[in-house]
Amino acid sequence: MAAASSSSSSIQTRSKKVAMLSTNVYLPDECWKYIFKFLINHDTEHSHRRYFHLKSLPLVSKQLLSITNLLRSSLTIYNPTCQFFHRFSNVASLDLSCYDGDLDDLLVQISCFPLKITSLNISNQLKIPTKGLRVFSKNITTLTSLVCSNIATLYYTHMLFIAECFPLLEELDLSKPTRFIFDKTAFFPAQALSLALPELRQVNLSRNSYISNELLFYLFKNCKLLEEVC
């Protein structure tokens, strides 16, 4: 009985010490954010491992889970799901280049969330998801970078469509389409396209079968501080 009483007392003492220690080392959310940001920034040389140090932290408490979710600024989606956006409300960069599903439907779902996405990658698709991008652009107006590389079939009208949806683009990548379809009998409004994207600084049109001198002229003339054309 004495041994059992002593063991119970020891457990209670340790529990009190743990409780006191937890109280003494309590840090507000803002302090944890600075600590986690330091861990993220410390690994900038290996961008693919940037959040590696934070993986086990959410297992400690719901408080740390909530904080680390808010710190994630980039997200890559492979499978059809939108549950991530309830957790990662501060996502600014979205990579859908390996997405396996209906991209139009996914973009429509994403547009329902109050996100401020500035960078979107929809490369490696059969076509430009015009339906999804139109809905996306009406609700998310912060996009400044759009990557649509390696599209199976790219129409020249897609350039005008993108300019209409995202007039604030600073970076545009339409490189390496498998097929570029251009109506030779139609008038290509190169000047109108360049005027529709006044903030454009960098554009990649490499391996497009239709790149005219006229288009390049107006891109350099009308786009703001254009730095690079590929």
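**Tyr156 and its partner**

I started at tyrosine 156, which has 13% relative accessibility and therefore counts as buried. I then looked up its ring partner and found phenylalanine 182, with the ring centres 4.9 Å apart. The planes of these two rings stand at 75 degrees, so I logged the pair as edge-to-face. Tyrosine 156 sits in the loop between β5 (153-155) and α7, and phenylalanine 182 in the loop between β7 (179-181) and α8. The pair links distant parts of the chain, 26 residues apart.

**Model and confidence**

I noted that this is a predicted model. The average pLDDT of the protein chain is 77, and 63% of the residues score at least 70. Confidence is lowest in helix α1 (residues 2-24), with a mean of 53. It is highest in strand β3 (residues 119-121), at 98.

**Whole chain**

I counted nine helices and nine strands in the protein chain. Of its 230 residues, 36% are buried. I also checked contacts with a separation of 6 or more: residues 24 or more positions apart account for 69% of them. The chain exposes about 13800 Å², and carbon and sulfur atoms supply 55% of that area.

My search of the whole structure gave two aromatic pairs. Besides the one above, phenylalanine 136 and phenylalanine 166 pair edge-to-face, at 6.3 Å centre to centre and 65 degrees between the planes. Phenylalanine 136 is in helix α6 and phenylalanine 166 in the loop between α7 and β6 (171-173), so this pair ties together parts 30 residues apart in sequence. I checked burial for both: phenylalanine 136 has a relative accessible area of 0%, and phenylalanine 166 counts as buried at 3%.

**Nonpolar core**

I listed the largest nonpolar core, which holds 48 residues. Leu96, Ile110, Leu120 and Leu146 touch the most other members. Helices α5 (103-110), α6 (130-139), α7 (157-165), α8 and α9 each supply at least two residues of this core. Its largest share, five residues, comes from α7. I followed up leucine 146: leaving out residues up to four places away in sequence, its contacts include Leu120, Ile162 and Phe166.

**Helix α9**

Which residues of helix α9 (residues 213-222) are buried? I found Leu215, Tyr218 and Leu219. Seen down the axis of α9, these fall within an arc of 105 degrees, so they line one face of the helix. Asn213, Phe220 and Lys221 are exposed on the other side of α9.

Key
Residues are numbered from 1 along each chain as its sequence is written. This is a predicted model: local features need pLDDT of at least 70, side-chain atom pairs count only at pLDDT 80 or more; totals for chains, interfaces and linings use all residues. Side-chain values use heavy atoms; hydrogens and water are left out. Buried means under 20% relative accessible area, exposed over 50%, partly exposed in between (1.4 Å probe, protein chains only). Helices (H or I, at least four residues) and strands (E, at least two) are DSSP runs, numbered from the N terminus. The arc is that of the directions from the helix axis to the C-beta atoms. A nonpolar core is a set of buried Ala, Val, Leu, Ile, Met, Phe, Trp, Tyr and Cys residues joined through side-chain atoms within 4.5 Å. Contact means heavy atoms within 4.5 Å. Accessible areas come from the Shrake-Rupley method with a 1.4 Å probe; for residues, only the protein chains shown count as cover. pLDDT is the predictor's confidence in each residue, from 0 to 100. Rings of Phe, Tyr and Trp (its six-membered ring) pair if their centres lie within 6.5 Å; planes under 30 degrees apart count as stacked, over 60 as edge-to-face and the rest as tilted.
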